[in-house]
Amino acid sequence: MLESVLARLRATRRRLRRLERREFDAFVRWIERTGNLIHLSVLLFVPLLIAAVTWLANATAAVSFLLFPPLASGTYTLFADPEGRYSTPTKFVGGMTAGALCGWLSIALVDAAGVDGAAGVSAAGAALGIFLTGAVTWALDLEEPTAFSTALLVLVTGNAQVVYVLGIVVSSSFVAAVFVVWRGRFYERRAQYLYRTTDGDDRVLVPLDGWDEDGDAGTVARFAAELASAHDAGKIVLLDAVDDAADIAEDEPGPAARRLESFAADLSSEYGIPCEVVVAAGDRTSSLALRTAREHNCDLIVTPYAEREGGGLSPFIVGLFDSEIDVIAFRSAGNRQRWQHALVPVRGAGDTARAMVDFAKRITGSWTPTSVCTCIDRESERRSAETTVADLVDAFDGRFETHVVTEPVESYLERVSPQYDVIFVGSSTDRSAASRFVSPPTFERLSDLETDVAIVHRGRHQ
């Protein structure tokens, strides 16, 4: 009885842990999207920074509460659009300070001229302050909406104009310093902290269907070695399934095992990474490949592309795609050994797109630009598409070239494919069955490309 209760408790605890991992993974994938990360940063940093300035205002008379409206809106602008035209410390601090100084100067000029002696806020001072702010910020390239707010608010500070201007300088400099640290240490390095492929997917399993060093199997193994060698912890594991038990005997391996071990030694020497060999008896199945990957702590599987009779992915690849491990199905158009020019067509900036960009960067290295493109149906979509692609590549270091093309993706890729050594496309396994039925996966429409194609699947975390 007690053992049964304990078993149920252990099973419940395992289910709760799986649920917790799924929820955490869902949150990580949500925050990996640049827009979500920015919104979360705004929700966290803007209130905290305003609270810090409020505490400073309560602690000293040097900070006026009248600086809060422009400071809050300016802080939001910084964190909501970190790469925007207004999101630089110079524009932020300089614009707000220039506005306050122009407002202060306008009061002095109006008082000296005796133009407006009516009670209340000077209309002439307000007009002159806005005029001077527009002229100065235009001349100094400090145009910023908050500059006009500080120019007007200084008019209602009474005899505390100097204190108000100093408060603007101090508070805006504090906010700008926090923003610079956040953008430089986290936002611009978000790929390093958030995207799993940048520090993972470096232990690669290559399941082979028969061994031929000069055929597709050798090309796929070299492609996997290129990916793994981009990380210091990279290694590859070559898996082959054979019918002859002599090929897996430990004391005297058969011819297939000897050829594979010889090739593994060559790969290890050429790419500078460990290369292991696993030869198993029996049929080549997805369950065998997944079990081997887990036993050898592999987090990426690179396998030759294969189709079933009548079209569609082979049962082997379908089985791999239905696992928690990332997979690349590689379709070779020749016997390349190096891939210097890579193209990544994307629909958005999701985790599959980021993984494809990361893999492409590993293959091309640091000197050759990685090409990223997106295809649109009409010109009205161009601006949004350009922003999406910019958000995607901005998270990575390295050289990029981007294209936004008004053309169906299959015709565009067919036209430009001879210019590239490999094209990375998504597996579309993150889409619903109905979506894939209405719009088949891109790779199914790319059978005639004159280049290698790498079909990328992100693992489904259990």
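This is a predicted model: local features need pLDDT of at least 70, side-chain atom pairs count only at pLDDT 80 or more; totals for chains, interfaces and linings use all residues.
User: Which residues in α2 meet α7?

Analyst: On the α7 side, the partners are Val 170, Ser 171, Phe 174, Val 175, Val 178 and Trp 182. By class, the contact of α2 with α7 has 10 nonpolar, two polar and no charged residues. The α2 residues that meet α7 are Ser 41, Phe 45, Leu 49, Ala 52, Val 53 and Leu 56.

User: Are α2 and α7 roughly parallel or roughly antiparallel to each other?

Analyst: Helix α2 covers residues 34-59 and helix α7 covers residues 161-185, and their axes lie 11 Å apart. They pack at an angle of about 150°, and angles over 145 degrees count as roughly antiparallel. The two helices, α2 and α7, are therefore roughly antiparallel.

User: And is the crossing of α2 and α7 left-handed or right-handed?

Analyst: The pair in question is α2 (residues 34-59) and α7 (residues 161-185). Their crossing is right-handed.

User: Is Leu 67 buried or exposed?

Analyst: Leu 67 sits in the loop between α2 and α3. Leaving aside neighbours within four places in sequence, Leu 67 is in contact with Val 53, Tyr 164, Gly 167, Ile 168 and Ser 171. Its relative accessibility is 0%, and because anything under 20% counts as buried, Leu 67 is buried.

User: How many Å separate the C-alpha atoms of Leu 67 and Thr 150?

Analyst: Along the chain, Leu 67 and Thr 150 are 83 residues apart.

User: Which residues does Thr 137 touch, not counting residues up to four places away in sequence?

Analyst: Thr 137 lies in helix α5, which spans residues 123-139. With a relative accessible area of 1%, Thr 137 is buried. Beyond those sequence neighbours, Thr 137 touches Ala 98, Leu 142, Glu 143 and Ala 147.

User: Which residue has its backbone oxygen 3.4 Å from a polar atom of the Thr 137 side chain?

Analyst: A polar contact needs a pair of N or O atoms within 3.5 Å, and the distance here is 3.4 Å. The backbone oxygen in this pair belongs to Gly 134.

User: Looking at the chain as a whole, what percentage of its residues count as buried?

Analyst: The chain has 17 helices and 10 strands. Among its contacts with a separation of 6 or more, 77% come from residues 24 or more positions apart. Of the 462 residues, the share that counts as buried is 48%.

Note on methods. Residues are numbered from 1 along each chain as its sequence is written. Side-chain values use heavy atoms; hydrogens and water are left out. Helices (H or I, at least four residues) and strands (E, at least two) are DSSP runs, numbered from the N terminus. Buried means under 20% relative accessible area, exposed over 50%, partly exposed in between (1.4 Å probe, protein chains only). A polar contact is a pair of N or O atoms within 3.5 Å; within protein, one must be able to donate a hydrogen and the other to accept it, and residues adjacent in sequence count only if both atoms are side-chain atoms. Contact means heavy atoms within 4.5 Å. Axes are lines fitted to C-alpha atoms, for helices over the stretch in contact, and angles run from 0 to 180 degrees between N-to-C directions. Angles under 35 degrees count as roughly parallel, over 145 as roughly antiparallel, 65 to 115 as roughly perpendicular and the rest as oblique. A crossing is left-handed if the near helix is turned anticlockwise from the far one by less than a right angle, and right-handed if clockwise. Ala, Val, Leu, Ile, Met, Phe, Trp, Tyr, Cys and Pro count as nonpolar, Asp, Glu, Lys and Arg as charged, and the others, Gly among them, as polar.
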